[in-house]
Amino acid sequence: MHTRRRGSSDSDKPVADDPPEWSDVDAEDIEARVVELADQGHSPSEIGLKLRDEGVNGTPVPDVTLATGKKVTEILEENDADPDLPEDLRNLMERAVRLHEHMDANPGDHQNKRALQNTEAKIRRLVDYYRGDELDEEFTYTPDGAAELLE
């Protein structure tokens, strides 16, 4: 978005309507494991990776949506285990906090100063997008407030 480089093209997921035959895990077991992993502090994307790699009771779950009919975030919302901030906004705020710390130690680093400006612009756009639904109406982004939120 903020660079002149082109984006990288990714491969598409295979089209599938049913979960694979070798992954016959019950939907309730998957949902229980998703909530358990969320209680341990994992983000929705980390939960998907753990289910793919570790699985439920030793059986991998290649696609939570095919197995349960719901996305990981939907399962978390139903069980009141959803995170306080959306994952994309949290990741950008963590990056901005790291860049602020770097800029305090290296005030002459103009390349990362620009990266910080771009990151904070993305944060402000996302806050406008999520305000009212995922975030409070009065929520505004400040670097100090982001550092407090992430602690």
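This is a short talk on the overall architecture of one predicted protein model and on a few of its residues.

Let me begin with how the model was treated. Because the model is predicted, local features need a pLDDT of at least 70 and side-chain atom pairs count only at pLDDT 80 or more, while totals for chains, interfaces and linings use all residues. Residues are numbered from 1 along each chain as its sequence is written, and side-chain values use heavy atoms, with hydrogens and water left out.

Now the fold as a whole. The protein has seven helices and zero strands, where helices (H or I, at least four residues) and strands (E, at least two) are DSSP runs numbered from the N terminus, and the order along the sequence is therefore written α-α-α-α-α-α-α. The radius of gyration, taken over C-alpha atoms, is 19 Å, well over the 15 Å that the globule rule gives for 151 residues, so the protein is more spread out than a compact globule; that rule is 2.2 Å times the number of residues to the power 0.38. Along its principal axes, the C-alpha trace spans about 55 × 35 × 30 Å.

What share of the 151 residues is buried? Buried residues make up 30% of them, with buried meaning under 20% relative accessible area, exposed over 50%, and partly exposed in between (1.4 Å probe, protein chains only). Of the contacts with a separation of 6 or more, 59% come from residues 24 or more positions apart, a contact being heavy atoms within 4.5 Å. The protein exposes about 10,600 Å², of which carbon and sulfur atoms supply 43%, by the Shrake-Rupley method with a 1.4 Å probe.

As for charge, there are 18 positive and 38 negative charges, and their mean positions are 13 Å apart. Here Lys and Arg count as positive and Asp and Glu as negative, without His and the chain ends, and each charge is placed at NZ of Lys, CZ of Arg, CG of Asp or CD of Glu.

Thr119 is buried, with a relative accessible area of 3%. Which residues is Thr119 in contact with, once its neighbours within four places in sequence are left aside? They are Leu92, Arg95, Ala96 and Leu99.

Glu36 belongs to helix H1, residues 27–39, and is partly exposed at 39% relative accessible area. Its C-alpha lies 9.5 Å from that of Ile47, eleven residues away in sequence. Pro83, in the loop between helix H4 (72–78) and helix H5 (87–105), is likewise partly exposed, with a relative accessible area of 39%. The C-alpha atoms of Pro83 and Asp39 are 9.9 Å apart, although 44 residues separate them along the chain.

Asn57, between helix H2 (44–53) and helix H3 (64–68), has a positive phi of about 55° although it is not a glycine, and Asn57 is exposed at 73% relative accessible area. Asp80, in the loop between H4 and H5, has a positive phi of about 50°, again without being a glycine, and at 71% relative accessibility Asp80 counts as exposed.
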